[in-house]
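Okay, thanks for coming, everyone.

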Amino acid sequence: METKLLRIAELAKFDPKMKFTSLAHLLNEQSLVQCHYELPNKKATGIIGTTKEQYSENLKENIEDLVNRLKSKSYRPVPVRRMYIPKLNSNRKRPLGIPEHEDKIVQKGITKILTTIYENDFLDCSFGFRPNRNCHDALKILNHYIEKRSVNYVVDVDIKGFFDNVEHTWMMEFLKLRIADPNLLRIIGRFLKGGYMEEGKKYKTDTGTPQGGVISPILANVYLHYVLDLWFEKRVRKQCKGQAYIVRYADDFVCCFQYKSEAEQFFHSLKLRLKKFNLEIAEDKTKIIPFGRFAETNAIQKGRSKPDTFDFLGFTHYCGKSKQGKFRVKRKSSRKKVQGKLRECKEWLKSNRNKDIHMIMDRFKRSLVGYYNYYCITDNTQSVSNFKDKIEYLLFKWLNRRSQRKSFTWDKFSLFLHKYPLPSPRIKVNIYDLRKEISYIL
């Protein structure tokens, strides 16, 4: 399959208007077995409850049966299992749709095909769920635009319930611009309309693509490529007299403008554009703010002590200065994200405080390493150090509740941390180190 995908990628790059008429045959036994092995272990199961390990017991027979159903057009995805995860700092919960393992295999295969085609079409402003691109790359590019280009205003946008409101008709129309294989389109359509199960009852899905599905990220990128990225590049930027830029990670994006009037015009046009495709902005989370090298001066003239800030990809961006006194964009961990993570750690400790102390400390070591890998970027070391201090306090508090008698004084706990040390934060990502792969964007 890899060789065929490389050929498809070459054709897609050579002719941006080419429609691919024969793709479903790539979902053969060899490719689907490979997709099975590439899926992660010990993940949440669908409504039938089949795990990867159970599917592996009769893998050859299962894959042969799956391929036969795909060829005979009788394959139908099982409705996803609806579950909910809590939203940060909110009583509301975010719905997830967990597919069956067999459906994950097919979704993985289709995702490879779609990625091969659309990776040549997607614009440089898009960073979410794409090969060789990540959140830190998006932050680096955004930092470069604000510091090095003529950016004076930022439009911070939040799309309300994007994954729940994707219009199926438009999605299929967008896919048909590049894909003319009715068999592959039929399978994708069945995934979109597969429905979900909740408390033993099946519900239809007339809109949306469930978060939790393997195929959802690439479908979201395709949808927003046509709805937002191309529109901004071909229409908005060309109508602007000043500079204008967009940085998007999945459905989270920030737009930068040189002139206030053009930022306001974009904001108005964006509402109409999204409405056309069954989407809308969250008014309470969307704003236009002065941001850039003149923001501090403007804020002082208006009687405010400092400029407004905005959150993007888990960081609060604010106007600062370098050691030489020049304007710089700085970042710190978003308070909302920090509080959410601390609450999660508190709940885990509350439930597991009586477990083996080695297991508890090992869990927090691994958790902090993952946290550092993301949040330890330029200017944010102090914020991460404060987070570590709060984790240590949570450990002190809850380990003292393992019994009715207190286990630790603070001095004894310091000795305990000396014996079971937690990793210390240090900068993992230099925001000014533009990798070779993304430097061409500039």
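So, let's start at arginine 92, which sits in the loop between strand E1 (80-86) and strand E2 (93-98). One thing to keep in mind as we go: this is a predicted model. Is arginine 92 buried or exposed? Its relative accessible area is 51%, and the cut-off for exposed is over 50%, so arginine 92 counts as exposed. Arg92 is part of a positive surface patch, together with Arg94, Lys160, Lys285, Lys336 and Lys337.

Now let's go to the strands. Find strand E6, residues 244-249. How many of its residues are buried? The count is 6 of 6, and E6 is described as mostly covered. Here's a bit of background for that. In a regular strand, side chains alternate between the two faces of the sheet. In E6, one side has Ala244, Ile246 and Arg248, the other has Tyr245, Val247 and Tyr249, and all of these are buried. In other words, both faces of E6 are covered.

Who does E6 pair with? The partner is strand E7, residues 252-257, running antiparallel to E6 with 6 bridges joining the two.

Is alanine 250 buried or exposed? With 8% relative accessibility, alanine 250 counts as buried.

There's another residue of that kind, lysine 73. Its phi is near 65°, a positive value in a residue other than glycine. You'll find lysine 73 in the loop between helix H4 (59-71) and E1. At 43% relative accessibility, lysine 73 counts as partly exposed.

Okay, salt bridges. How many salt bridges does the count come to? The total is 18. We won't do every one, but let me pick a few.

Take glutamate 10 and arginine 7. Their closest N and O atoms are 3.3 Å apart, and they form a salt bridge. Where are they relative to each other? Both are in helix H1, residues 2-14, and because they are 3 residues apart, about one helical turn separates them. Glutamate 10 is partly exposed at 48% relative accessibility, and arginine 7 is partly exposed too, at 47%.

The next pair reaches across the sequence. Glutamate 38 forms a salt bridge with lysine 112, with the closest N and O atoms 3.0 Å apart. Glutamate 38 is in helix H2 (residues 29-38) and lysine 112 is in helix H5 (residues 101-118), so this pair ties together parts that are 74 residues apart in sequence. Glutamate 38 is partly exposed, with a relative accessible area of 36%, while lysine 112 counts as buried at 16% relative accessibility.

One more pair: arginine 331 and aspartate 379, whose side chains meet in a salt bridge at 3.8 Å, N to O. This one links distant parts of the chain, 48 residues apart, with arginine 331 in strand E11 (residues 327-333) and aspartate 379 in the loop between helix H14 (357-375) and helix H15 (381-399). Which side of the buried cut-off does arginine 331 fall on? It has a relative accessible area of 0%, so arginine 331 is buried. Aspartate 379 is partly exposed, with a relative accessible area of 28%.

Salt bridges can also link up: Asp65, Arg69 and Glu102 are joined in a network of them.

Last stop, leucine 177. It's in the loop between helix H8 (168-176) and helix H9 (182-192), and at 42% relative accessibility it counts as partly exposed. How far is leucine 177 from leucine 349? In space they are 51 Å apart, C-alpha to C-alpha, and in sequence they are 172 residues apart.

Terms used: Residues numbered from 1 in each chain as written. Predicted model: local features only at pLDDT ≥ 70, side-chain atom pairs only at ≥ 80, totals over all residues. Heavy atoms only, no water. Patch = residues over 30% accessible without salt bridge, like charges linked within 9 Å, V, L, I, M, F, W, Y side chains within 5 Å. Areas by Shrake-Rupley, 256 points an atom, 1.4 Å probe, with all protein chains shown as cover. Salt bridge = Lys/Arg side-chain N within 4 Å of Asp/Glu carboxyl O. Lys, Arg positive; Asp, Glu negative; His and termini not counted. Charge placed at Lys NZ, Arg CZ, Asp CG, Glu CD. Helix = DSSP H or I, 4+ residues; strand = E, 2+ residues; numbered from the N terminus. Buried < 20%, exposed > 50% of the residue type's maximum accessible area, 1.4 Å probe, protein only. Pairing = 2+ DSSP bridges.
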